[in-house]
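User: Hi! I would like to understand the terms behind the description of this structure. Could you take me through them?

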Amino acid sequence: MFKEKAQWNVGQLDEEVLVLAVWSKGEFTQGVQAIDREMNEQLTELSKQKAFPIKKGECIDFFTLGTLGAKKIYAVYLGKQGELHKDELRHALGNVGLKLKKEKVGQVGFVVDSFLQGGLSTDEVAFTFGEALALSSYDKVTYKEKSNEVKKNLSAVSFYVDEEGFTKQAELGYTYGEGANTARRLVNIPGNLLTPTDLAHEAKILAEKHGFDFHVLEEDEMESLGMGALLAVSQGSDQEAKMIVMRYNGNKDSKEVTALVGKGLTFDAGGYSLKPAANMHTMKTDMGGAGAVLGAMDIIGQTKPKHNVLCVIPSSENLINGSAMKPGDVLRAMNGKTIEVRNTDAEGRLILADGVAYAVQLGATRLIDVATLTGACVVALGHETTGAVTNDTELMERVRRAGEETGEPVWAFPNSQPYKDMLKTSDVADLNNAPGRAGGSITAGLFIGEFVGTTPWVHLDVAGTASKDKGSSLGPAGATGIMARTLAWFVAHS
Ligand code: BES
Ligand code: MG
Ligand code: ZN
């Protein structure tokens, strides 16, 4: 879909829409000047009339009235030269993407030199173009009588640029955006249409697409491996639990194996510690962690970094029936530790206990788990920032930096000994799965940490960030696909 055109002249511009950036001060770039000349200096005139947008990231359009091949020009305002943050550019280009979609534009050209005034490298700008065009193109599937399937109109994107390699970086960014869209699609599927069995099926399709090793543990195998925590959560459901495993071996010479472990609760009613009715339906997104790691694997399969990656997804429903786990039950996880279930709604840490222990047994040398784990995290950080707990500050810093690059901020919670002690408050078992509201996100994370041994580990709580009530230029309300890009970026740059 992307191509670049070097040494272009204005006569060549034959796309329906041309997009250029304008800045608060200074000359038009060469590319924009060329267009301005062709348009009898109407751009200069518009600039004098202050007709361009003034809010950073905003995009306006105007007709070229026969002066150019393109029917319309979109002008994006990017603020002061040299002061553009990558997140701002991503959002600005998302606005362009939305507008192209709304106006059903099939071919678009970008006057690239006008976008290079912000202080970002050309590669960064190119990558961000691809990312933003993919992210903003996502449409949520609905199940209404009238299908919402939108025809994807955009079929050709030309980058008018003299620097080589722009398209390649843009395509890379596009692959990242598409990975996030993979996560979004899965997370938005309702619980009746995405059971653990369905999730395993989706994972299998993805593994086949990329040639990953793939395996699913069934309940009898879990039983013989001693995965008492995952099995206990699944007891209350008619659906079979699944432990989904896939591997990408990108570096045979390296012993390093990065494990990505995702919480795959396809629906969380809370179990006997039942959730209130009002927002229970939103718990169809409780496999946001699984979505993130699958989205990341989609990117990894496409981009083939020289690293070994192990992906593990414990998947279950958390419901109620006559054999469901009960408050007060004592479970034994696969690493032998016992857990008293003080609250059946704290199920994510239970399935992840077996999930991370299994990843370590399969050879993980470092581990990142992603989970919609605690309401407390939403209270602490809202919907903007992912909360983290770690046993390794260096690994934590790398993950945090990856999140900075992709515009998915991550904030590490403190994790001193007193928090760890709070887990040791059961008089019948090694661990208490719900030690109380105080520091809830921290104790939840540290609970998972009890099952990783000494393996360097980062836990990412995406309870607030995996889905949103409001859409943005980079996607509609609902699943965000958070952490798919960050995890893939982390793997590629570590
Ligand atoms: N899936 C929820 C956490 C959640 C809450 C995700 C809101 C997204 C939005 C998790 O399983 C849960 O129920 N956690 C409990 C833990 C508590 C019982 C210790 C919570 O946060 O209330
Ligand atoms: Mg729960
Ligand atoms: Zn849950």
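Analyst: Happy to! Contact means heavy atoms within 4.5 Å. Leaving aside neighbours within four places in sequence, Arg 349 is in contact with Leu 373, Thr 374, Asn 433, Ala 434, Pro 435, Ala 444, Phe 447 and Ile 448. This is a predicted model, where local features need pLDDT of at least 70, side-chain atom pairs count only at pLDDT 80 or more, and totals for chains, interfaces and linings use all residues. Residues are numbered from 1 along each chain as its sequence is written, chains are lettered from A and ligands numbered from 1 in the order in which they are written, and side-chain values use heavy atoms, with hydrogens and water left out.

User: Why is Arg 349 called buried?

Analyst: Buried means under 20% relative accessible area, exposed over 50%, and partly exposed in between (1.4 Å probe, protein chains only). Arg 349 has 8% relative accessibility, so Arg 349 counts as buried. Asp 286 and Glu 347 are both buried as well.

User: What makes the site of the zinc ion (ligand 3) octahedral?

Analyst: Donors are N, O and S atoms within 2.8 Å of the metal (3.2 Å for Na, K and Ca), and sites may look incomplete because water is not among the atoms. The protein donors here are Lys 263 (NZ), Asp 268 (OD), Asp 286 (OD) and Glu 347 (OE), lying 2.0 to 2.4 Å from the zinc ion (ligand 3). Six donors count as octahedral if opposite donors are over 155 degrees apart and all others between 65 and 115. The six donor atoms of the zinc ion (ligand 3) make angles of 77 to 174°, and the site is octahedral. For comparison, ideal angles for six octahedral donors are 90 or 180 degrees.

User: Which residue bridges the zinc ion (ligand 3) and the magnesium ion (ligand 2)?

Analyst: That is Asp 268, and the two ions lie 3.2 Å apart.

User: How do you know that β13 and β17 pair, and in which sense?

Analyst: Helices (H or I, at least four residues) and strands (E, at least two) are DSSP runs, numbered from the N terminus. Two strands pair if DSSP finds at least two bridges between them. β13 and β17 have two bridges, so they meet that definition, and the sense is parallel. Ile 339 stands opposite Leu 431 in β17. The open sheet has the order β12-β13-β17, with mixed pairing. β12 (330-332) and β17 (431-432) each have a single partner strand, so one side of each is left without a neighbour in the sheet.

Notes:
Tetrahedral: all angles 85-135°; square planar, octahedral: opposite > 155°, others 65-115°.
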